[in-house]
Amino acid sequence: KVFLSIKGCYFQAQIEGQLVTWLAPYEFGQELPSDVDYRVMMTFLEFYETQLHFVNFRLYTALGLKYPPRIDDKLDGLHAGLRAIVLEGK
């Protein structure tokens with residue numbers, strides 16, 4: 001499912017019986033506040049990025065697929081998005 005809101009595009013999918021929802025924000029310029037500690041935010045970003053890699057690895061492994069998936073350079077050059085991902089079995 002996809003839902004458009006003021007914050008961005010919400011996506012929802014069911015993965016192994018679990019309902020997963022995520023937000024892809026719209027791209028626009030923002031004024032960055034000076035009272036925010038961006039180093040702390042970067043630490044959280046690195047943690048969640050690592051956690052996402054681990055979850056993806058587990059999901060791919062559970063489906064018998066190789067992780068990370070290969071990217072077809074030709075399709076990627078044509079801006080094919082997710083269609084450029086080549087899923088390969090182990």
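Which residue does D37 form a salt bridge with, and how far apart are the closest N and O atoms? The partner is R39, and those atoms sit 3.5 Å apart.

Okay, some housekeeping before I go on. This is a predicted model, so local features need pLDDT of at least 70 and side-chain atom pairs count only at pLDDT 80 or more, while totals for chains, interfaces and linings use all residues. Residues are numbered from 1 along each chain as its sequence is written, and side-chain values use heavy atoms, with hydrogens and water left out.

What I mean by that is a side-chain nitrogen of Lys or Arg within 4 Å of a carboxyl oxygen of Asp or Glu. Searching the whole structure turns up 3 of them.

Next up, K66 and E88. Their side chains meet in a salt bridge at 3.9 Å, N to O. This pair links distant parts of the chain: K66 is in the loop between α1 (38-62) and β4 (70-71), E88 is in the segment after β5 (85-86), and they are 22 residues apart. Quick note on those labels: helices (H or I, at least four residues) and strands (E, at least two) are DSSP runs, numbered from the N terminus. K66 is partly exposed at 45%, and so is E88, at 26%.

For the record, R70 is partly exposed, with a relative accessible area of 43%.

The peptide bond from Y67 to P68 is cis, with omega near 0°.

Then there are two residues to look at for phi. E16 has phi near 50°, a positive value in a residue other than glycine. You'll find E16 in the loop between β2 (8-15) and β3 (18-25), and it is exposed at 58%. H79 has a positive phi as well, near 60°, and is also not a glycine. H79 sits in the loop between α2 (73-77) and β5, and it is exposed, with a relative accessible area of 72%.

Strands count as paired if DSSP finds at least two bridges between them. Here 3 strands form an open sheet in the order β1-β2-β3, with antiparallel pairing. β1 (2-4) and β3 are the edges, each with a single partner strand, so one side of each has no neighbour in the sheet. From one strand to the next, the twist averages 20°; the axes behind such angles are lines fitted to C-alpha atoms, for helices over the stretch in contact, and angles run from 0 to 180 degrees between N-to-C directions. β2 and β3 pair in the antiparallel sense over 8 bridges. If you'd like one to find on screen, G8 has P25 in β3 as its bridge partner.

Last topic, the aromatics. Rings of Phe, Tyr and Trp (its six-membered ring) pair if their centres lie within 6.5 Å; planes under 30 degrees apart are stacked, over 60 edge-to-face, and the rest tilted. The whole structure has 6 aromatic pairs. Take F3 and Y10: the ring centres are 6.3 Å apart and the planes are at 45°, so that pair is tilted. F3 is exposed at 52%, whereas Y10 is partly exposed at 26%. And which residues do ring pairs link into a cluster? Those are F44, F47 and Y48.

That's my tour, thanks.

Definitions and conventions
Buried < 20%, exposed > 50% of the residue type's maximum accessible area, 1.4 Å probe, protein only.
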